[in-house]
Each structure stands twice: as structure tokens, then as C-alpha cells.
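Please read them with the coordinates open.

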Amino acid sequence: MNTADLLPYINSISGFFLEHQFLGIFFAGFISFIESLAVVGSIIPGSIVMTVVGCLLGIGAIPISYTILSIFIGAFVGDFISYAIGAYFKDHIKNHRWIQPYKHWLLHGEAFMRKHGALSILIGRFVGPMRSMIPMIAGIAQMNIAIFTLAIIPTIILWAIVYLTPGVLLGALSVDMGESLFSYFLSRSLIIILLFAIWHSLHTLIRIIHPHIQHIKFFSHLNSTDLTHLTKGILLISSALIFIFSINGIHPELHWINKSAYAFFLTQTTDLSISFSQFMSVIMGHTTFLLLNAATIIVLYHHRYIKLTLAWVLMFGGLFCITAAIKYGLHIPRPNPLLGATSFPSGHILLTVTLFLFLSTLIETKSFAIGSAVRRASFVMMMLIALTRLILQAHWLSDIIFSSMLSLGIWHVASTWKHLIPNITEKHLKQVCASILLILIPIMAIQPHLPDAALPKLPAPIEMRNNNPNSLPFLRYSRFGNVTAPLNFIYLGNDTELTEFFIDNNWSAYPTSGSIYQNIITLFQFREYQEVLPLLPPLVNNKPPVKIFGKVTDDSAYIAKIWAIGDGSKGYIGTLAKETYPESFFSSKLFVCQKHRFNISNIISSTKYRSIQHSTTDRFGSLDAFCWDGETALIRS
């Protein structure tokens with residue numbers, strides 16, 4: 001789908017719910033009600049629908065306070081109806097024709113409740129198809145209604161937070177990234193969700209197909225689980241090759257997915273995230289990979305698993321050589337040039353994560369539970385390594401995606417023949433695990449004493465050179481690197497004088513947006529604040545506004561977002577905007593250039609400032625569309 005094709009839909013949806021906010025509030029409550037009804041709620045894809053509701057909240061199309069109240073009431077009523085159905089029809093419900101297709105869910109739910117008691121109300125809402133069955137089972141079990149009520153209240157609140165948060169963040173980020181990128185991101189996200197749903201159901205599909213292809217010689221020795229591994233492996237490796245071929249010939253920093261991720265992580269970098277990233281990079285680096293392999297090979301060879309040892313050496317020796325050949329053969333530059341020209345692929349993921357996945361398969365031959373736990377830990381490790389390498393600007397996002405898909409693909413293909421792994425005794429497996437710990441623990445211990453990796457290349461802070469206001473930027477860039485608003489206000493003075501200037505001109509001081517939590521609290525208190533500022537605040541110098549002022553008239557809302565220049569001792573820079581009120585910031589008018597919005601003469605009297613003229617900026621057809629005449633107000637205390 002062309003990104004421009006999504007514009008009318010985004011426009012019409014946000015405009016519709018703006019003009020019919022009651023319907024938006026009712027829709028959110030109705031979805032939470034349906035999600036809580038027994039059986040019905042297990043069929044509805046609630047996480048996807050609630051993400052849509054969260055997105056509407058994030059962009060300000062529906063009010064946050066009434067919507068959350070509606071969601072709570074809907075879920076509360078749905079839970080009680082499910083409880084009442086279970087209590088009233090407890091003797092007939094298991095054999096009812098509507099329940100028969102879902103009886104296995106009911107049996108799982110009963111076992112779950114017997115094991116966890118009242119705690120199952122809290123846990124069960126997040127466990128797949130059982131989430132709507134648990135209240136009905138509580139009714140069948142005649143759970144004390146007071147205990148049931150006390151259990152569902154925190155459950156509903158936690159459920160709403162978990163299910164709404166992705167959509168709220170997506171909506172908030174959509175303001176910052178601009179419509180063109182957001183549309184592209186949204187369309188690709190929908191495709192990824194569809195592919196994930198197919199991927200999740202692949203094993204079930206293959207179990208259905210497997211009996212019909214068993215007569216084919218190649219498949220006769222593979223059970224449905226092995227065939228699933230093989231299919232997933234081939235799909236992942238093929239997709240990785242297609243992905244990298246599709247961006248071949250485009251310089252990494254010019255591809256939208258790399259530009260967006262680079263700009264985003266650039267603005268999210270903190271001293272803590274850099275320190276953690278350096279720690280992860282050291283303990284999961286190439287040295288660790290070689291030492292862990294050496295330890296595993298020595299233990300396996302010592303106990304005379306000759307074929308397994310040989311296969312291990314060939315597999316990981318070959319993988320290491322291929323990775324090194326690609327890295328030093330292609331010499332693709334890293335985002336941070338100080339780290340050299342060896343960005344593609346990510347050796348940390350392709351080598352170390354693959355090693356831990358294979359170790360999980362090795363352990364699984366003796367203990368499925370422990371092997372599964374190690375495998376899940378490997379997936380978490382993959383995500384952490386990916387984040388840390390992006391924070392340190394050691395890899396482009398395309399490198400991470402390719403390496404992750406290839407790593408998982410190799411593991412899936414090899415897992416097809418895991419039945420060929422010899423029967424390793426529990427004692428010998430423990431020795432393999434012990435040898436790995438003996439490698440990891442010393443590396444973690446000496447890490448603080450190792451030299452730091454090259455620090456990421458951070459943007460230079462905005463400073464006024466030679467006390468010249470013209471040296472300050474006049475456009476603000478979003479987390480995703482696109483122009484999102486003009487900086488049309490400069491104040492040269494201290495904090496107290498700045499506040500007095502706005503108060504004297506009948507502006508009110510709003511709470512600053514230091515965190516998402518503070519923003520959420522503020523949204524409940526100041527309606528007009530919600531309509532012009534997303535939950536993720538705009539950044540300058542990688543920092544949110546230090547001052548926010550507002551003024552509301554009968555037909556307009558005026559908002560000033562102010563950032564400090566350096567430490568604030570030299571003054572402040574900011575964006576003053578005039579928004580139509582009480583219409584939402586996200587009304588359809590925003591998709592065309594609004595000439596009144598950032599033009600400073602429409603916001604404060606020309607007698608109060610000296611003008612600095614920049615080039616005009618016209619942006620059409622995006623969530624942050626504006627037509628700015630280039631005039632910046634300069635005020636000296």
C-alpha cells in the first residue's frame with residue numbers, strides 16, 4: 001500500500017472520533033466489555049483492537065479520562081456477567097453446545113484456578129484464550145463474590161495499562177515522526193502483525209498437512225515438529241536474503257528504516273543506557289563466543305562425543321569464518337565512524353545468540369523445561385543485544401534484522417535433525433553448563449576494568465555562538481529525524497524573567513513534561529494540554545521542554561513549549577503555537593498548511609519582540625503540516 005493512500009483513512013478516523021467523541025468512548029468500553037465475556041472474549045483479537053483504542057488516545061482524538069473510565073466499567077460489567085453465567089448455569093454449562101468447541105479452554109481454566117486460587121483472576125487475564133473463561137469458572141466454583149470483586153479491580157487496571165500502552169505510545173510517536181513516515185510505519189506494522197499471526201499458527205497448519213505428505217520419501221522421517229522447524233528455518237533464511245537483497249545498492253544511512261532508527265536511538269541515549277550497552281557488548285562479544293565454544297568442545301570431546309564435537313566445530317567454525325568474511329569483505333560503514341567499517345552483519349547476534357540457541361537444544365534433549373527456559377533467555381538476549389548495538393551506533397537496524405532472522409533460521413534448520421543428537425548424560429550436560437558459567441562469570445567480573453568502547457556519536461548541544469541569536473536553529477527535528485515544527489521564539493533572560501513575561505501577558509504555567517507518568521497526570525488536569533502535546537514530549541538537545549505555558553480563549557488555545565539554551569543561563573528557545581479550540585490538535589485541518597498556527601504575529605503583539613527573519617517553510621499533507629513565514633520573535637529581558 002502506498003503511504004499516501006493511508007492519509008485519508010488516518011484523517012477521517014481521527015476526524016470522526018473528534019466530532020463524535022461519545023462514540024469513541026463507547027467503542028472503547030464496548031470492546032473491553034466484549035473482551036471480558038466468556039467464550040466471546042477468547043475469539044475477539046482484543047490486543048489488536050485495544051491497540052487501536054490506545055492509538056486514538058495517544059494522538060488525542062478521544063479524551064483519556066472518560067475513555068479509561070469507560071474501559072474499566074465495560075470490563076467490570078463483562079467480568080460480572082461471566083461470573084453470573086458460571087454461577088447460575090454451573091450444572092449445564094460444560095455440556096452446552098456453545099461451550100463444547102471450547103471445552104478444552106474450560107478444562108485448562110479449571111486446572112489453572114485449582115493451582116492458583118484467587119490469584120488466577122489476575123494471572124488468567126493475560127493467558128491467551130483463558131482470559132475470558134476465568135471469571136465464568138470462578139462463578140462455577142462459587143468463589144466468594146467479595147474476593148472476586150477485590151481480585152478483578154486491580155486486574156482490570158493492569159490489563160488496561162498493558163493493552164493500551166503500545167497503542168498510546170504509537171499514537172504519541174506518530175506526532176513526532178510525521179505522517180509520511182508514520183503511514184509507512186503503520187502499513188508495515190500491519191503486514192508484520194499478519195505475518196506474525198501466520199507464523200504463530202504454522203505448527204497447527206503443519207500438523208494438519210503432515211498426515212497427507214508422510215508418503216513422500218523426504219518427509220517420511222520427519223514428524224510434524226521437525227517439519228515445522230524446517231519450514232520456519234527455510235522461511236527465515238529466505239526472508240533474510242530477500243530483505244538484504246531489497247535494500248542492496250542503497251547506502252545504509254539513506255534507507256528509511258535505518259534513518260528512523262538512528263535518529264530515534266540518538267534522542268533516547270542516556271549515560272545509563274550507554275553503560276549498560278557497553279557491558280552487554282563486552283560480555284557477549286566475539287571473545288566470549290570463542291571461549292564458550294572452546295569450553296563446550298573440550299567437555300564434549302573429553303566424554304567421547306566425537307561426532308557431536310566434530311559437527312559443533314564445523315558448524316560454529318564455519319559460521320565464524322563466513323561472518324568474518326562478509327564483515328571484512330564488504331566493509332559496510334557503521335553508523336558511528338569511530339567504530340570502523342564493519343557494520344554488516346551483527347556478529348554479536350549471528351554468533352553468540354546462535355550459540356545459546358544451540359545450547360538450549362542440547363539441554364532440551366535431557367530436560368525440556370530447562371532447555372525451553374534457556375531458549376527463551378536466548379530470545380531475550382537477542383533483543384537486549386540488538387538494543388545495545390543500536391544505542392552504541394555499532395550497527396544499522398537492517399544489520400540487526402538480517403542477523404536475527406539468519407540466526408533463528410540456522411537454529412530452526414539444525415533443530416530439524418535434533419533427534420540425531422546422542423543421548424548425553426545429565427552429569428555431562430551439567431559439566432557443559434558449568435564450563436559456560438566459568439567463562440561468563442570472570443568476563444563479567446573483569447568487565448569494569450576493561451577499556452570502554454567508542455562512545456556513540458551524540459548530536460552537538462544547541463548553543464548560541466558569540467552571543468548571536470541568529471546562530472540558533474530555527475527548525476525542530478523529531479525523534480525520527482524529520483522537521484516537525486519551527487522554533488519561532490527566543491528569550492534572552494533568566495528563568496524568573498521568562499515566567500514573568502508570560503504571566504504578565506495572561507498565559508498560565510503548565511506542569512513540565514519530565515516523564516510519561518507526569519504527562520498522563522497532566523492530561524487529566526488540562527484538556528487543551530492534551531490536544532497539543534503527545535505523551536512522549538518533543539525534544540530539543542535531547543531534553544523535553546523546561547517550561548510550558550498556555551492561554552485559552554473562546555476560539556483558540558495558545559501553547560508555548562520552551563527549552564533551555566545550554567544550562568539556561570544564556571536564555572531559552574521555543575515554539576509558540578496557536579491552535580483552534582476546542583477542536584483537537586489532530587483534526588482534519590492539520591493535514592493542510594495552517595497559516596495562522598506558527599506565525600508569531602498571530603500569537604503575540606509585534607510591539608513586544610524584535611523580529612529575526614528566516615526562510616519560509618511550507619509542509620503539506622502530514623500530521624505536523626504547517627506554513628510558517630520564517631519570522632522568529634527575539635525578546636531580551
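**Notes on the predicted model**

1. Directly after helix 16 comes His331, which has a positive phi, near 55°. The model is a predicted one, and the points below should be read with that in mind.

2. Helix 16 covers residues 306-330.

3. Which residues of helix 16 are buried? They are Leu308, Thr309, Trp312, Phe316, Leu319, Thr323 and Lys327. The cover over these buried residues includes helix 15 (286-302), helix 17 (347-364) and helix 19 (397-415).

4. Helix 5, residues 64-88, also has its span on record here: 25 residues reach 36 Å from the first C-alpha to the last, close to the 36 Å expected at 1.5 Å a residue. The buried residues of helix 5 are Ile64, Thr67, Ser70, Ile71, Gly74, Ala75, Gly78, Asp79, Ser82, Tyr83 and Gly86. The glycines Gly74, Gly78 and Gly86 are among them, as is Asp79.

5. Strand 5 (residues 547-552) pairs with strand 4 (residues 508-510) in the antiparallel sense, over three bridges. Strand 5 also runs antiparallel to strand 6 (residues 556-564), to which six bridges join it. Three residues lie between strand 5 and strand 6, and the two strands form a hairpin.

6. Which residue of strand 5 is the bridge partner of Ser508? The partner is Gly550. On the strand 6 side, Gly550 has Ile559 as its bridge partner. Gly550 can therefore be used to follow the pairing from Ser508 to Ile559, given that side chains in a regular strand alternate between the two faces of the sheet.7. The second largest pocket holds about 760 Å³ of space. Of its 38 lining residues, Ala263, Leu266, Thr267, Pro459 and Asn542 are the closest to the centre. Helix 13 (256-268), helix 14 (271-283) and strand 1 (475-477) are the elements that give two or more residues to this lining.

7. Which element gives the largest share of the lining of the second largest pocket? Helix 13 does, with five residues. By class, the lining of this pocket is made up of 22 nonpolar, eight polar and eight charged residues.

Terms used: Residues are numbered from 1 along each chain as its sequence is written. This is a predicted model: local features need pLDDT of at least 70, side-chain atom pairs count only at pLDDT 80 or more; totals for chains, interfaces and linings use all residues. Side-chain values use heavy atoms; hydrogens and water are left out. Helices (H or I, at least four residues) and strands (E, at least two) are DSSP runs, numbered from the N terminus. The expected span of a helix is 1.5 Å times one less than its number of residues. Buried means under 20% relative accessible area, exposed over 50%, partly exposed in between (1.4 Å probe, protein chains only). Two strands pair if DSSP finds at least two bridges between them. Contact means heavy atoms within 4.5 Å. On a 1 Å grid over the protein atoms alone, a cavity is a set of points where a 1.4 Å probe fits but cannot get out, and a pocket is an open set with protein on both sides within 12 Å along at least five of seven lines; lining residues have an atom within 4 Å of a point. Grid points are joined across faces, edges and corners, and a volume is the space filled by probe spheres set on the points. Ala, Val, Leu, Ile, Met, Phe, Trp, Tyr, Cys and Pro count as nonpolar, Asp, Glu, Lys and Arg as charged, and the others, Gly among them, as polar.
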